[in-house]
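Q: I'm new to this one. Can you take me through it in short steps?

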Amino acid sequence: MKKNLNTTCVFVIAILFLLSCDAKPTLQTYFVDHQETPNFISMDIPVSFLGIDDIQVTKVQQEAINSIDKLNMLGYSLKSGDLDVFKQEVAQIKTLLKAENYNELMRLGNPKEGKINISYTGDDDTMDELVIFGESKEFGFAVIRVLGDEMNVSKIMELGPIINKLDTKEMNVEGFLDFML
């Protein structure tokens, strides 16, 4: 009898614990929820697909590359999409990026041509996620999540000069861009 009572208590506590968990939406759940939605395109790119082995990089760039695990990309195209849906989705993403765990790194652009917001999770020295969110009322929006372990902000910024050298055909980034533009 005592064993049944202990089992029942453990079961009730486990259920209460699960019910008390706060299921706030996250950027990750946003990606999962929208990857199969019409007018959206989604891509996951492992770092090994970037073709970096064929590019000469500095030691700092190699350290930055080694800290990246993968890229997640999600885009919404206004070619076939709806402007009202676009506005709702942009508002939802902005709300997610205002969450306490995201730190804004920089903003670029303007309302007429488009805006880019770069945010990250982690502290000032190391990041676990870098998020690049770009929006244009002409084309749509794209969110790129750069996921890794203890990525260094200054080292990641050193990757800028080699981006044009990457083999985007292997990654099928052209398909993503064709969908968006």
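Q: What does the chain average in pLDDT?
A: This is a predicted model, and the chain averages a pLDDT of 80, with 77% of the residues scoring at least 70.

Q: Which elements have the lowest and highest mean pLDDT?
A: Helix 1 (residues 2–20) has the lowest, at 46, and helix 4 (residues 83–97) has the highest, at 94. Over residues 8–20 pLDDT stays under 50, and the model has zero contacts there beyond four places in sequence. Where pLDDT is low, the predicted coordinates should not be read in detail.

Q: OK, helix 4 then. Which of its residues are buried?
A: Phe86, Glu89, Val90, Ile93, Leu96 and Leu97. They sit on the same side of helix 4, because they cover an arc of only 120 degrees around the axis.

Q: And what's on the other side of helix 4?
A: Asp84, Gln88 and Thr95, which are exposed there.

Q: What covers the buried residues?
A: The cover includes helix 2 (27–34), strand 1 (40–46), strand 2 (68–77), strand 3, strand 5 and strand 6 (140–151).

Q: What caps the N-terminal end of helix 4?
A: Aspartate 82 does, with a side-chain oxygen 2.9 Å from the backbone nitrogen of aspartate 84.

Q: Switching to strands: how many bridges join strand 3 to strand 4?
A: Eight, and strand 3 (residues 102–110) and strand 4 (residues 114–122) run antiparallel. The hairpin joining them goes through three residues. Glycine 109 has lysine 115 in strand 4 as its bridge partner.

Q: And strand 4 with strand 5?
A: Eight bridges join them, and they also run antiparallel. Their hairpin has four residues between the strands. Isoleucine 118 stands opposite isoleucine 132 in strand 5.

Technical notes:
Residues numbered from 1 in each chain as written. Heavy atoms only, no water. Pairing = 2+ DSSP bridges. Helix = DSSP H or I, 4+ residues; strand = E, 2+ residues; numbered from the N terminus. pLDDT = per-residue confidence, 0-100. Contact = heavy atoms within 4.5 Å. Buried < 20%, exposed > 50% of the residue type's maximum accessible area, 1.4 Å probe, protein only. Arc of directions from axis to C-beta. Polar contact = N/O pair within 3.5 Å; in protein donor to acceptor, adjacent residues only side chain to side chain.
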